[in-house]
Amino acid sequence: MIDGRLIKTSLGTTKYCSHFMKNQQCPKGDCMYLHELGDPEASFTKEEMHQGKHLEYEKRLHDTLIASLGPNTTATIPSSSSASSSSS
């Protein structure tokens with residue numbers, strides 16, 4: 001809850017475009033995959049995700065948001081969070 005409103009967030013996963021990985025131009029105008037390198041801070045291997053590194057990153061994002069809202073803001077994260085992040 002932030003300022004009495006329920007805020008729901010989650011991190012998701014995505015993959016790099018196979019054409020990008022081959023240093024080729026992607027022919028798909030509506031390709032849903034990444035065509036540039038993602039933020040290294042938000043990229044995790046499968047092993048790192050199994051270790052919960054993505055959850056640590058999610059908590060840092062949450063803490064940064066709360067700090068930016070000021071001292072009179074309260075917020076909680078449910079302990080059953082099942083977020084994941086970009087995989088590289």
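Me: What's the relative accessible area of F20?
Reply: F20 comes out at 23%, so call that residue partly exposed (buried is under 20% relative accessible area, exposed over 50%, partly exposed in between, with a 1.4 Å probe and protein chains only). This is a predicted model, where local features need pLDDT of at least 70, side-chain atom pairs count only at pLDDT 80 or more, and totals for chains, interfaces and linings use all residues. Numbering runs from 1 along each chain as its sequence is written, and side-chain values use heavy atoms, with hydrogens and water left out.

Me: How many aromatic pairs are there?
Reply: Two, counting Phe, Tyr and Trp rings (the six-membered one for Trp) with centres within 6.5 Å; planes under 30 degrees apart are stacked, over 60 edge-to-face, the rest tilted. Y16 and F20 are stacked, at 5.7 Å centre to centre and 25° between the planes.

Me: And why is the F44 and Y57 pair edge-to-face?
Reply: Because the planes sit at 65°, with the ring centres 5.9 Å apart. That pair links distant parts of the chain, 13 residues apart: F44 is in strand β1 (43-44) and Y57 in helix α3 (53-69). Helices (H or I, at least four residues) and strands (E, at least two) are DSSP runs numbered from the N terminus.

Me: F44 and Y57, buried or exposed?
Reply: Both are buried.

Me: Switching to α3, which residues are buried there?
Reply: H54, Y57, E58, H62 and I66. They pack against β1 and α2 (46-50), contact being heavy atoms within 4.5 Å.

Me: What comes just after α3?
Reply: G70, with a positive phi of about 105°.
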